[in-house]
Amino acid sequence: DWTMAAFREQAVEEIRAKVGDGKVICGLSGGVDSSVAAVLIHEAIGDQLTCIFVDHGLLRMNEADEVVAMFRDHYNIPLVHVQAQDTFIDALEGEMDPEVKRKTIGRLFIETFEAEAKKIGGADFLAQGTLYPDVIESVSFTGGPSVTIKSHHNVGGLPERMNMQLVEPLRELFKDEVRLLGHELGLPAHFVGRQPFPGPGLAIRCPGGVTREKLDILRQADAIYLDEIRKAGLYDAIWQAFAVLLPVQTVGVMGDGRTYEFVCALRAVTSVDGMTADFYHYDMDFLGNTATRIINEVRGINRVVYDVTSKPPGTIEWE
Ligand code: XMP
């Protein structure tokens with residue numbers, strides 16, 4: 001794509017001009033955005049870049065291993081893998097308020113980066129995969145007064161004391177353009193085609209309080225759901241699909257016994273840029289079969305519901 005080839009060339013020049021011989025750290029989330037940003041910046045400045053991947057314990061099944069394998073082994077990009085699960089989950093325990101959860105995660109991310117940056121002898125720049133919709137959605141809701149809908153943890157600047165400048169080469173791009181750029185940079189198609197995953201991870205898919213046990217249940221249900229989507233050949237037709245573990249237990253029956261377990265909500269939407277979205281119209285058999293598998297295979301869930309809310313009035317994530 002000629003547009004993206006030109007963008008790439010210009011972005012590389014701009015990154016070099018801005019960074020000079022400074023050191024950059026890049027927060028890698030495992031998603032397309034930060035990965036594309038990292039590969040682009042690595043192309044511009046090579047080993048002046050160190051990626052920091054924070055495992056906050058809020059990732060999906062096998063996600064951490066996949067990210068580390070890809071960056072360290074495939075791209076040879078210097079990568080620090082931070083095991084910070086306890087820090088994040090302990091800090092979230094008992095917290096019910098969605099904005100407090102988001103802000104807690106955002107703050108811990110910054111603190112973790114700061115600590116890691118110190119360990120590698122400091123950095124002058126912090127790189128992030130911030131996209132255009134992230135920038136505007138954090139500021140105001142389209143068409144409305146200036147109201148914060150959600151605080152995206154990767155937007156909003158850094159504490160003064162960090163003394164690092166931001167490098168955000170994707171700040172003017174939409175998601176589809178980032179995918180084109182990733183393709184242009186030679187990232188594998190299956191990786192570039194990954195559905196978006198929010199920085200606060202599974203924490204915002206556990207409304208009503210995060211615990212290790214709930215995260216574990218959610219992770220299993222989510223993996224089964226995505227497995228069924230892939231097997232049905234639907235992955236690329238859907239912008240984002242994920243499970244949400246509701247803080248509600250309901251009565252069920254299994255064999256001769258009564259069960260009293262959590263409800264799992266399934267979400268799937270189509271969208272162009274994440275700013276608006278329509279719920280995905282599955283075949284009912286697909287939903288029924290997926291629900292059966294989740295209930296049979298995941299201990300702790302005995303009921304599955306499907307979310308038929310579009311955006312607006314809903315948002316894509318539940319928190
Ligand atoms: P909402 O829920 O606001 O989500 O309709 C729109 C898109 O943004 C993703 N999202 C985030 N991405 N940090 C991110 O990097 C965040 O804090 C965050 N919150 C939501 C969401 O998954 C959807 O693709």
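The model is predicted. In it, two residues of the annotated site, Asp33 and Ser34, lie in helix H2. Helices H4 and H5 pack at an angle of about 150°, and two peptide bonds next to prolines, Lys311 to Pro312 and Pro312 to Pro313, are cis.

**The annotated site**

- An unreviewed UniProt entry carries the annotation "binding site" for Ser29, Gly30, Gly31, Val32, Asp33, Ser34 and Ser35.
- Asp33 belongs to helix H2, which spans residues 32-45.
- Asp33 has 23 other C-beta atoms within 10 Å, and the cut-off for buried is 20 or more, so Asp33 is buried.
- Leaving aside residues up to four places away in sequence, Asp33 touches Gly129, Leu131, Leu170 and Val178.
- Ser34 is also in helix H2, and Ser34 counts as buried because it has 23 C-beta neighbours inside 10 Å.
- With residues up to four places away in sequence again left out, the contacts of Ser34 are Cys26, Gly27, Leu28, Ser29, Gln128 and Gly129.
- Gly129 is touched by Asp33 and is also touched by Ser34.

**Helices H4 and H5**

- Helix H4 covers residues 85-92 and helix H5 covers residues 98-119; their axes are 10 Å apart, at an angle of about 150°.
- Angles over 145 degrees count as roughly antiparallel, and H4 and H5 are therefore roughly antiparallel to each other.
- The two helices, H4 and H5, cross in a right-handed way.
- On the H4 side the contact is made by Thr87, Phe88, Ala91 and Leu92, and on the H5 side by Lys101, Thr104, Ile105 and Leu108.
- An α-helix has 3.6 residues a turn, so residues three or four places apart point the same way.

**Helix H9 and its surroundings**

- Helix H9 runs over residues 212-231, has 20 residues, and reaches 29 Å from its first C-alpha to its last, close to the 28 Å expected at 1.5 Å a residue.
- Its buried residues are Leu215, Ile217, Leu218, Arg219, Ala221, Asp222, Ile224, Tyr225 and Ile229.
- These buried residues of H9 pack against strand E6 (240-254), strand E7 (257-270), H10 and strand E9 (301-306).
- Just after H9 comes Gly233, with a positive phi of about 70°.
- Met284 is in helix H10, residues 284-297, and Met284 counts as exposed because it has 9 C-beta neighbours inside 10 Å.
- Met284 and Tyr225 are 59 residues apart along the chain, and their C-alpha atoms are separated by 14 Å.

- Most residues other than glycine have a negative phi, and most peptide bonds are trans.
- Helix H3, residues 63-74, has twelve residues and reaches 16 Å from its first C-alpha to its last, close to the 16 Å expected at 1.5 Å a residue.
- Asn62 lies in the loop between strand E2 (49-55) and H3, and its phi is positive, near 65°.
- Asn76 follows H3 and lies in the loop between H3 and strand E3 (79-83); its phi is positive, about 60°, although Asn76 is not a glycine.
- Asn62 has 10 C-beta neighbours inside 10 Å and so counts as exposed; Asn76, with 10 C-beta neighbours inside 10 Å, also counts as exposed.

- The peptide bond from Lys311 to Pro312 is cis, and its omega is near -15°.
- The next bond, from Pro312 to Pro313, is cis with omega near 10°.

Methods:
Residues are numbered from 1 along each chain as its sequence is written. This is a predicted model: local features need pLDDT of at least 70, side-chain atom pairs count only at pLDDT 80 or more; totals for chains, interfaces and linings use all residues. UniProt positions are given in the numbering used here, feature names are shortened, and annotations may be inferred rather than shown by experiment. Helices (H or I, at least four residues) and strands (E, at least two) are DSSP runs, numbered from the N terminus. A residue is buried if 20 or more other C-beta atoms lie within 10 Å of its own, exposed if 12 or fewer, and partly exposed in between; C-beta atoms are placed from the backbone. Two residues are in contact if their C-beta atoms, placed from the backbone, lie within 7 Å. The expected span of a helix is 1.5 Å times one less than its number of residues. Axes are lines fitted to C-alpha atoms, for helices over the stretch in contact, and angles run from 0 to 180 degrees between N-to-C directions. Angles under 35 degrees count as roughly parallel, over 145 as roughly antiparallel, 65 to 115 as roughly perpendicular and the rest as oblique. A crossing is left-handed if the near helix is turned anticlockwise from the far one by less than a right angle, and right-handed if clockwise.
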